[in-house]
Amino acid sequence: MHELGIVYHIINRLEELAKENNLSTISGVTLELGEVSGVLDDYLIDGWNWAVKKHDLLKDAELKIERLPAVTKCNSCNKEYATVKHGRICPFCKSEDTVLVTGNEMSIKEIEAC
């Protein structure tokens, strides 16, 4: 379960941001997760709920997740398409010369502080 490692990475980053911005409490965090990031929401939330209880800055902070769609671009016909539905092969021209444009990212979008 690599999600717990991700949770601790997020918490470390939040602690840095809190220090830089003189925040004493964070009540909520919104993450953007790409559709093909490989991160499982349920495991991430379970790990989050367990870990935040151990950090005064984040006690009972809510984790919200916004999923970003995976989009692939075909280098042959320059069209974009839904990655999950069609995979690596372009549904328009059947080329395998494609590249993932979005959908693999993970970022902190918003922090709610008290």
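## An aromatic pair

At 44% relative accessibility, Trp50 counts as partly exposed (buried means under 20% relative accessible area, exposed over 50%, and partly exposed in between, with a 1.4 Å probe and protein chains only). The model is predicted, and local features need pLDDT of at least 70, side-chain atom pairs count only at pLDDT 80 or more, and totals for chains, interfaces and linings use all residues. Residues are numbered from 1 along each chain as its sequence is written, and side-chain values use heavy atoms, with hydrogens and water left out.

The structure holds one aromatic pair (rings of Phe, Tyr and Trp, the last with its six-membered ring, pair if their centres lie within 6.5 Å; planes under 30 degrees apart are stacked, over 60 edge-to-face, and the rest tilted). The ring centres of Tyr8 and Trp50 are 6.5 Å apart and the planes stand at 80 degrees, so this pair is edge-to-face. The pair links distant parts of the chain, with Tyr8 in helix α1 and Trp50 in helix α2, 42 residues apart (helices are DSSP runs of H or I with at least four residues, strands are runs of E with at least two, and both are numbered from the N terminus). Tyr8 has a relative accessibility of 28% and therefore counts as partly exposed.

## The buried side of helix α2

Helix α2 spans residues 41–51, and its residues Leu44, Gly47, Trp48 and Ala51 are buried. Why do they lie on the same side of α2? They cover an arc of only 100 degrees around the axis, which puts them on the same side (the arc is that of the directions from the helix axis to the C-beta atoms). The buried residues of α2 pack against α1, β1 (26–34) and β2 (62–68) (contact means heavy atoms within 4.5 Å).

## A buried glutamate

Glu3 lies in helix α1, which covers residues 3–20. Glu3 is buried yet has no salt bridge (a side-chain nitrogen of Lys or Arg within 4 Å of a carboxyl oxygen of Asp or Glu). The nearest side chain of opposite charge is that of Arg67, 7.4 Å away (Lys and Arg count as positive, Asp and Glu as negative, and His and the chain ends are not counted). Neighbours within four places in sequence aside, Glu3 is in contact with Gly38, Val39, Leu40, Tyr43 and Leu44.

## Salt bridges

How many salt bridges does the structure hold? There are six. In one of them, the side chains of Glu112 and Lys64 meet at 2.4 Å, N to O. Glu112 lies in strand β6 (residues 106–113) and Lys64 in strand β2, so the pair ties together parts that are 48 residues apart in sequence. Glu112 is partly exposed at 28% relative accessibility, and Lys64 is partly exposed with a relative accessible area of 29%.

The side chains of Lys109 and Glu66 also meet in a salt bridge, at 2.8 Å, N to O. This pair links distant parts of the chain, Lys109 in strand β6 and Glu66 in strand β2, 43 residues apart. Lys109 is partly exposed at 46% relative accessibility, and Glu66 is partly exposed with a relative accessible area of 32%. Another salt bridge joins Glu96 and Arg88, whose closest N and O atoms are 3.9 Å apart. Glu96 counts as partly exposed at 48% relative accessibility, whereas Arg88 is exposed with a relative accessible area of 54%.

## Two cysteines without a bond

A search of the whole structure finds zero disulfides (pairs of cysteine sulfur atoms within 2.5 Å). Cys77 is in no disulfide, and its nearest cysteine sulfur, that of Cys90, is 3.7 Å away. For the sulfur of Cys90, the closest cysteine sulfur is in Cys77, and 3.7 Å is too far for a bond. Cys77 is partly exposed with a relative accessible area of 25%, whereas Cys90 counts as buried at 1% relative accessibility.

## Two loop residues

Is Ser37 buried or exposed? Ser37 is buried, with a relative accessible area of 18%. Ser37 has its place in the loop between β1 and α2. Apart from neighbours within four places in sequence, Ser37 is in contact with Arg67, Gly103, Asn104 and Glu105. The C-alpha atoms of Ser37 and Ile89 are separated by 19 Å, and these residues are 52 residues apart along the chain.

Asp56 is found in the loop between α2 and β2. Asp56 is exposed, with a relative accessible area of 66%. From Asp56 to Glu32 there are 24 residues in sequence and 24 Å in space, C-alpha to C-alpha.
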